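Subject: A structure for you to look at

Hi,

Here is the structure I promised to pass on. Have a look at it first, and then read my notes below.

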Amino acid sequence: MMKRVMLSGGGTGGHIYPALAIADAVRRRHPEAELGYIGTTDGLESRIVPKVDDIAFFDVEIQGFKRKLSLDNMETIAKFIRAVKKCKAYIRQFRPDVVVGTGGYVSGPALYAAAKLGVPTLILEPDVLPGLTTRFLSRYVDVTAISLTGSEKHLTKAKRILHTGNPRGTEVMHANKEEGRASLGLADSDKPIVLIFGGSRGAKPINDAVESMLSHLSEASLMYFVYVTGEVHYKEVTAKIDTDQWPNLIIKPFIYNMPDVLAASSMVISRAGATTLAEVTALGVPAVLIPSPYVTNNHQEHNARLLEDHHAGRMILQKDLTGERLWESITEVMDDPGRHRQMSEASRKLGRPDAAEVIVDELEKLSATRR
């Protein structure tokens, strides 16, 4: 039985939420297990994890590498060395049976320290194209878990690769679509929902495209459009749009119960982050993906292309995004039940709704090797 599990991952929701999904799966199977989390004090994890009552939070100072030659990288190395030393102290103090990281530079010191101390380790790579941290750590950790097919060819030095899927997919399978509809004020309607969002902060290019396609909404009175602007864009967007003119348009600054709303949706228009892909493929929701061109190594385009290649989604590059192009992509799927069904089935084939349980299975095996 696992008595203590240490988690690590941060910087973005794509690394934090899978870690918390693993924590939930551990709790379900081992209610008495103690959980620890190593993260930074200035990352998103420092605001989310401490609010979870039964997870002890341990902080380190770390930053990511610049891909171009930079003096900042010397400071990054120095911070990494200091963080590894601090993580070793935390691990000796917490005495975990296993340490699991969900990718990104935040999990680097924790997993490296654990491997050097002989503690069983697993790293999860959320994206198709593995990041620098995963590539570096794959030669040290016991298991490299991949979320999406294709990552394995970039991890040639990994000790062991296991295709688990992303545990966020397990979490959305527990979502309640009736509650999702009710939260949008649509409890009494069975019309399909097209959900549009650009990440936690929103995305202006997506907002601009949505604004320019509004004139078409009157052609789609048999469906609802839920448009999430992002809190920083909400006032600007709502100042331009007369919502009374579009009775099938619902505008929100942010959605706090995203799994429930996703479960209630018939189609998603979004960025192509790892968490979103895990959710839509677990649920089998057709998607139009607009990958962010600003992310490291352009990994969102690789993610989106995987879904497009498997006929589970459509990809529109940001440079090609217009209101007309977006509207065409929506209607060619939503107006064709056969195509919608085929995309839904293709998406579900890519999903791993059992991902969190598969990962906990592996953590149990790893912890049994601890002496």
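Let's start with Asp320, which is partly exposed, with a relative accessible area of 32%. For the wording here, buried means under 20% relative accessible area, exposed means over 50%, and partly exposed is in between (1.4 Å probe, protein chains only). The areas themselves come from the Shrake-Rupley method with a 1.4 Å probe, and for residues only the protein chains shown count as cover.

Before going on, please keep in mind that this is a predicted model, where local features need pLDDT of at least 70, side-chain atom pairs count only at pLDDT 80 or more, and totals for chains, interfaces and linings use all residues. Residues are numbered from 1 along each chain as its sequence is written, and side-chain values use heavy atoms, with hydrogens and water left out.

**Salt bridges**

Side chains of opposite charge can pair when their charged atoms come close. I call it a salt bridge when a side-chain nitrogen of Lys or Arg is within 4 Å of a carboxyl oxygen of Asp or Glu. By that rule there are 19 salt bridges.

Asp320 has one with Lys319, at 3.5 Å from N to O. Lys319 is exposed, at 68% relative accessibility.

Then there is Arg29, whose side chain meets that of Asp361 at 2.6 Å, N to O. This pair links distant parts of the chain: Arg29 sits in helix H1 (residues 13-29) and Asp361 in helix H15, 332 residues apart. Helices (H or I, at least four residues) and strands (E, at least two) are DSSP runs, numbered from the N terminus.

Glu171 is partly exposed at 27%, whereas Arg168 is buried at 9%.

**The sheet**

Now find the open sheet of seven strands, with parallel pairing and the order E3-E2-E1-E4-E5-E6-E7. Its edge strands, E3 (55-60) and E7 (161-163), each pair on one side only. Two strands pair if DSSP finds at least two bridges between them. E1 (residues 4-8) and E4 (residues 98-101) pair in the parallel sense over four bridges, and Leu7 has Val100 as its bridge partner in E4.

Helix H15 (residues 355-368) lies across E4, E5 (121-125), E6 (143-146) and E7, and runs at about 160° to E5. Axes are lines fitted to C-alpha atoms, for helices over the stretch in contact, and angles run from 0 to 180 degrees between N-to-C directions. Contact means heavy atoms within 4.5 Å.

Which residues does Ile251 contact, leaving aside its neighbours within four places in sequence? They are Tyr227, Thr229, Tyr234, Thr238, Ile241 and Thr243. Ile251 lies in strand E10 (residues 249-252) and is buried, at 12% relative accessible area.

Ile81, in helix H3 (residues 72-94), is exposed at 55%. Together with Met74 and Ile77, Ile81 forms a nonpolar patch on the surface, with about 310 Å² of accessible area. Patches are made of residues with over 30% relative accessible area and no salt bridge, joining like charges within 9 Å and nonpolar side chains (Val, Leu, Ile, Met, Phe, Trp, Tyr) within 5 Å.

Cheers
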